[in-house]
Amino acid sequence: MENASKALLIAGAILICILLIGVGMLVYNGAMDGIEGGIASMDENAKLAFNTKFTQYEGKKSGANVRALIGNVISSNSANKDIDNKKVGVILSGITIEGVTLSGQGTGDTAIGEQNADTLAKVRAGINTGATYTVTVQYNNKTGLIKTVTITK
């Protein structure tokens, strides 16, 4: 009889341990879901912060604003030179900059490589501050980050 009661005590202790382990796993999984959701949210906030540097210039803008935009592109590309998905390209549509030779994208369009800071600086200097330009952005479908900025006169 004494052996039977000890066996029941041991069996009860084992069941309580299994129950505690199960509850611990539930708490751990719930905490991990919250942490992973927070990390995803941080990624969205980081994307928003990156894109805002350029989307604030969307629409009809003065030449001074376009110069500031190109300055943001130069500094962003310089800061993210090792991260391909964070490099932003510039397309000029219907704009010619004297003394700058650029690759053509089509009739009246000129593409500037995202790594070419010297050319971007020349283009920035060639933007007429008194003119009005239309700025549009294109996003990378995979990352959600801005891929190119198109400037049209």
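Author: Helices, of at least four residues, and strands, of at least two, are taken here as DSSP runs and numbered from the N terminus. The model is a predicted one.

Reader: In what pattern do the helices and strands follow one another along the sequence of the protein chain?

Author: The protein chain holds three helices and six strands. Read along the sequence, these elements are arranged in the pattern α-β-α-β-β-β-α-β-β.

Reader: What share of the residues of the protein chain counts as buried?

Author: A residue is called buried when its relative accessible area is under 20%. By that cut-off, the buried share of the 153 residues in the protein chain is 28%.

Reader: Which residues of helix 3 are buried, and why do they lie on the same side of it?

Author: Helix 3 spans residues 117–126, and its buried residues are Thr 119, Leu 120 and Val 123. Because these residues cover an arc of only 100° around the axis, they are placed on the same side of helix 3. The exposed residues on the other side of helix 3 are Asp 118 and Ala 125.

Reader: Does Ile 10 count as buried or exposed?

Author: Ile 10 lies in helix 1, which covers residues 2–55. Together with Ile 14, Leu 15 and Ile 18, Ile 10 makes a nonpolar surface patch of about 420 Å². Exposed means a relative accessible area over 50%. Since the relative accessibility of Ile 10 is 53%, this residue counts as exposed.

Note on methods: Residues numbered from 1 in each chain as written. Predicted model: local features only at pLDDT ≥ 70, side-chain atom pairs only at ≥ 80, totals over all residues. Heavy atoms only, no water. Buried < 20%, exposed > 50% of the residue type's maximum accessible area, 1.4 Å probe, protein only. Arc of directions from axis to C-beta. Patch = residues over 30% accessible without salt bridge, like charges linked within 9 Å, V, L, I, M, F, W, Y side chains within 5 Å. Areas by Shrake-Rupley, 256 points an atom, 1.4 Å probe, with all protein chains shown as cover. Salt bridge = Lys/Arg side-chain N within 4 Å of Asp/Glu carboxyl O.
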